[in-house]
Amino acid sequence: MDNVSMRIDTLKTEANDLRKEVKELRASLEQQNELIISLLTRQSQLLEQASLILAATEPNVSEVVYGTNITEIIRRFPLKDMESLKQYESRLNDDNMQQNINIVQHLVAPHGLVKNIVHVISDKIIMDVNVDGHHNKKRLLDYKKFIEVLYSACYTDGYTKKDFLNDLRRALRNSKNRLHKNNCVARQKMSERFIVTELNMDIVKTEEDVDFE
């Protein structure tokens, strides 16, 4: 009986610790996204001011004001599902390409694509795709403009397209491993809770069956 009680207390402690970790992680991600939005909004304001000055001095300049929609764009990330990815691909064009590259650069910094791909695409997309479309998964290379944005955002001197694709494959693989591990841990904890519940029910039943004469 004492062992069962101790095991129940241990499971409760582990569950509380897990909830605390998830809460802290969520708060950290929210803070990071707020900081990114703040920095990009400021960048947007500066770019808009520069564009207005340029428009005043050069009447024939393009009327496109770069940076105006930065907040709107960044709130799309991480792209939540395949439909969101398709919509994002369809909206990319020559006018907003550099803007999107700048945003994704901030999203994958400072630790790079392998660790921060979850800031760009959701776990749901990660589980639905791979780079080449093998094993009945969606082919990420079909989204050519999205791939170009991602590659340009990660680019440094000497960083080849082959290097990028290898990093992208590793990012997807690591994320899938993390998700599988989390699912296994969650299933194990659920199984342990079920066993404890069953033990508690057996103990109660045993106590009810005891004849205290």
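This is a predicted model: local features need pLDDT of at least 70, side-chain atom pairs count only at pLDDT 80 or more; totals for chains, interfaces and linings use all residues.

Colleague: Is S122 buried or exposed?

Modeller: S122 is in the loop between α5 (113-116) and α6 (123-128). Beyond four places in sequence, S122 touches P78, L79, K80 and D81. Buried means under 20% relative accessible area. S122 has 14%, so S122 is buried.

Colleague: How do α3 and α7 lie to each other?

Modeller: The axes of α3 (residues 82-91) and α7 (residues 144-154) come within 8 Å and cross at roughly 80 degrees. Angles of 65 to 115 degrees count as roughly perpendicular. So α3 and α7 are roughly perpendicular.

Colleague: Which residues of α7 make the contact with α3?

Modeller: The contact residues split into 4 nonpolar, 1 polar and 3 charged. On the α3 side there are L85, Y88, E89 and S90. The α7 side has K144, K145, F146 and V149.

Colleague: How many residues apart in sequence are the parts tied together by R169 and D132?

Modeller: R169 and D132 form a salt bridge, with the closest N and O atoms 3.0 Å apart. R169 sits in helix α8 (residues 161-209) and D132 in the loop between β1 (129-130) and β2 (138-139), so the parts tied together are 37 residues apart.

Colleague: And R170 with D167, what separates them along helix α8?

Modeller: Their side chains meet in a salt bridge, 3.3 Å from N to O. R170 and D167 are 3 residues apart in helix α8, so the separation is about one helical turn.

Notes. Residues are numbered from 1 along each chain as its sequence is written. Side-chain values use heavy atoms; hydrogens and water are left out. Axes are lines fitted to C-alpha atoms, for helices over the stretch in contact, and angles run from 0 to 180 degrees between N-to-C directions. Helices (H or I, at least four residues) and strands (E, at least two) are DSSP runs, numbered from the N terminus. Angles under 35 degrees count as roughly parallel, over 145 as roughly antiparallel, 65 to 115 as roughly perpendicular and the rest as oblique. Contact means heavy atoms within 4.5 Å. Ala, Val, Leu, Ile, Met, Phe, Trp, Tyr, Cys and Pro count as nonpolar, Asp, Glu, Lys and Arg as charged, and the others, Gly among them, as polar. Buried means under 20% relative accessible area, exposed over 50%, partly exposed in between (1.4 Å probe, protein chains only). A salt bridge is a side-chain nitrogen of Lys or Arg within 4 Å of a carboxyl oxygen of Asp or Glu.
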